[in-house]
Amino acid sequence: MSDLMGERTGERTGERMQGANGTGPRPAARRSPAPAPARAFLPHRPGAGGSALARQRRRIALLSAAAVLLLAVLLALGLSAGEVHVPPLDALQALVGLGDSADVMLVQELRAPRAVAAIVAGAGLAVAGTLMQRVLRNPLASPDVIGVTGGASLGAVAILATGAPAVLTPAGALGGGMLAALLLAVLSWRGGVTVTRIVLVGLAVQQGLAAVVNLFIVRFPAELAADALQWTTGSVYGRTWTETGTGGALVLSGVVLALAGHRRLAVLDLGDESAGGLGIAPNAARLQLLLLAVLLASVAAALTGPVGFVALAVPHIVRFLAGPPTAGSLVLTALGGAVLLLASDLAVLHLLPVHGLPVGVVTATLGAPWLLVLMLRQLKPTAGSTTR
Amino acid sequence: MNETAPGAVAPAVGRAAPIRRATLLLAGVAALAVCAALSLAAGSRPVPLATVWHALAGDDAGRDGLVVTGLRVPRTVIGLVVGAALGVAGAVAQGVTRNPLASPTTLGINAGASFAVVTAIYALGLTRPVEYLWFAFGGAALATVAVLALARHAGELDPVRLALGGTVLAAVLSAWTSAVMLASHRTLDEARFWLAGSLAGRQTDILLPVLAPLLAGLVLALAITPALNALALGDETAQALGVPVARVRAAGGLAVVLLAASSVAVAGPLSFVALAAPHLVRKLLGADHRWLVPGCLVAGPLLLLGSDIAGRVVLAPTEIEVGIVTAFLGAPMLALLARKATR
């Protein structure tokens, strides 16, 4: 009985969190049969929205093209810059095995795996983040926040602790990520799942896992502690083709699956009642999509460690640039994540004066202010209509 | 502020008689005394309570006596003070923000202190907790001011902004902390023990410099307890009751900064105690802040000393830093709270 205050306040927090949510109107509005100011960006709505939809499609196509171009430029730069300078065009040729054999060796064996790992992990994290934010209808939801990438850190650090060969570290990370997700599912299941509960329980899972990682870091010899810290901050240092190739294939299939499931995602946006009416079991759909997000995030984290803020910030940036989510913006999100992570890694390698900085430091520094600005914008009462 | 005023709080508080509450509070104090005694006796070198007593009385108790007076007494005293500060800081933070999950950690206090300390170790080559003191205090205070500034909106403290600002700032600061630690192995080796949060390896003289801010924070916290009750009813109701909401929030924020910054300066970043103590007390004594804050004064050290003892016993003869124990204990507690807070 004495806990009533806590519960009340908790409910209030829950409501606030949903109200602050950028992924949809307030729940009340969502439940009403005619979704409020029918600006419907829902792909299947005929009529008035048509031209706006076409405009948005063009915009997304344009932005995606720009992102691809940017990615190519960054890749060329990344492959060409370093102690031995290779002209960007030669570097791109060397990537496919043409040109000077020393260049080919340098580019193919050393620079390319790192750059491709950044692209793959960025895409995977960003898509995982956008899936989570939409399914959970919470702008704060992301694999970083709810403990999935924290689990990956723990898995990797535990492998380091056993002294097993470094090849096994990504496997440990993958296992850790899945384990964290399982823990999250078990702890937040209470005759069903609610969004706020998942996010809050996820914070708890994250904290518990971080404590264990911390224990390792304190107990390790200094050398190993530095390795572990590097892992837990997120870094693309020293990736090989085997890891990058496997990770790339998995992330690509994950993105394709996400695209295939986009219709369900859009229906879930309408709210549970409507989803049920449209013949989709909301809980099952939500679970599948969340599982996909967890897999994507774990694979990405297995490749690079839990690089912060990519999963959290990229969906917001894409929404800001390209409007409400569509299948096209899912692709744009993947590209955006790749651009952000690759650019950050190049900054770490060539722009910053400190050696051996993990890329997670840069993404956190870049992502955080963006995120704050975007979220504060959405918190304004009027913003509800403009962001929807 | 009489019993009649906190209308919405009153049903939750129930009609629990003051006598019952006082009894519970006294029981808490007794439990704390037992805990403190255990803290003097337990460890990698268990000391019989009788020997502890002799050592405290000033008799020559041999090497055991030296362990007790030289190591465990300071450790226990620091645990009592820091635990009390954290407990009260948590209660005030939750009251001011009306958010049951608010704590110094959420406000970015630990992250700010950690970054400042690690940077100081890197740049100035510090090596002892006493030297970290003011950097920790300053970092904590700066981070809190930043988070509070972010959370201010149209002259009010917005709980959602507070949570967002704290989370984001903490994430960035902890990334920077890792960066500094990775830039120098010496810093990493020096800082990681402090960052884990520990009561060990300090003498009571470390408390002297923070005594003034601690007491000021405590007095401030106790002074605003009636106003916090009104605040629990919502800003408008509180205003109608004649409570200067903005000023109470500012005072509460200041109290949290003073208390939490002092404790992180002394013991390093500790999570969970500030979060859990108010919840525990609310369960036993009710939501009335006039009981809650004094209750936390007892519950905080109880939790902290209990965790410290556990950290010494579980992996004996090695010790687990108390900060790791509290974070690990805090996780299921936080999960439980989250389950309860959401239907």
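**Figure 1. The largest nonpolar core of the predicted model, which holds 191 residues.** The residues with the most contacts inside this core are A:L131, A:M132, A:F309, A:L342, B:V82, B:W194 and B:V266. Helix α5 of chain A (residues 101–135) supplies the largest share of the core, 18 residues. In soluble globular proteins, nonpolar side chains tend to be buried together.

**Figure 2. Surroundings of A:F309, one of the residues with the most contacts inside the largest nonpolar core.** In chain A, A:F309 touches A:D144, A:V314, A:T363, A:A364, A:G367, A:A368 and A:L371, residues up to four places away in sequence being left out of the list. In chain B, A:F309 touches B:V168, B:A171 and B:V172.

**Figure 3. Another nonpolar core, of six residues, lying apart from the largest one.** Among the residues of this core are B:L40, B:A41, B:V52 and B:V68.

**Figure 4. The aromatic pair of B:F115 and B:W176, one of four aromatic pairs over all chains.** The ring centres of B:F115 and B:W176 are 5.7 Å apart and the planes stand at 55°, so the pair is classed as tilted. B:F115 belongs to helix α5 of chain B (residues 109–124), and B:W176 to helix α7 of chain B (residues 159–183); the pair therefore ties together parts that are 61 residues apart in sequence. B:F115 is partly exposed, at 21% relative accessibility. B:W176 is likewise partly exposed, with a relative accessible area of 30%.

**Figure 5. The edge-to-face aromatic pair of B:W134 and B:F137.** The rings of B:W134 and B:F137 lie 5.7 Å centre to centre, with 65° between the planes. Both residues are found in helix α6 of chain B (residues 129–151), where they are three residues apart, about one turn of the helix. B:W134 is partly exposed, at 49% relative accessibility, whereas B:F137 is buried, with a relative accessible area of 14%.

**Figure 6. The cysteines B:C35 and B:C296 in a structure with zero disulfides over all chains.** B:C35 takes part in no disulfide, and the nearest cysteine sulfur, that of B:C296, is 16 Å away. For B:C296, the closest cysteine sulfur is in B:C35; because the two sulfur atoms are 16 Å apart, they are too far from each other for a bond, the cut-off for a disulfide being 2.5 Å. B:C35 is buried, at 11% relative accessibility. B:C296 is also buried, at 0% relative accessibility.

Conventions
Residues numbered from 1 in each chain as written. Chains lettered and ligands numbered in written order. Predicted model: local features only at pLDDT ≥ 70, side-chain atom pairs only at ≥ 80, totals over all residues. Heavy atoms only, no water. Phe/Tyr/Trp six-rings, centres within 6.5 Å; stacked < 30°, edge-to-face > 60°. Helix = DSSP H or I, 4+ residues; strand = E, 2+ residues; numbered from the N terminus. Buried < 20%, exposed > 50% of the residue type's maximum accessible area, 1.4 Å probe, protein only. Core = buried A, V, L, I, M, F, W, Y, C linked by side-chain atoms within 4.5 Å. Contact = heavy atoms within 4.5 Å.
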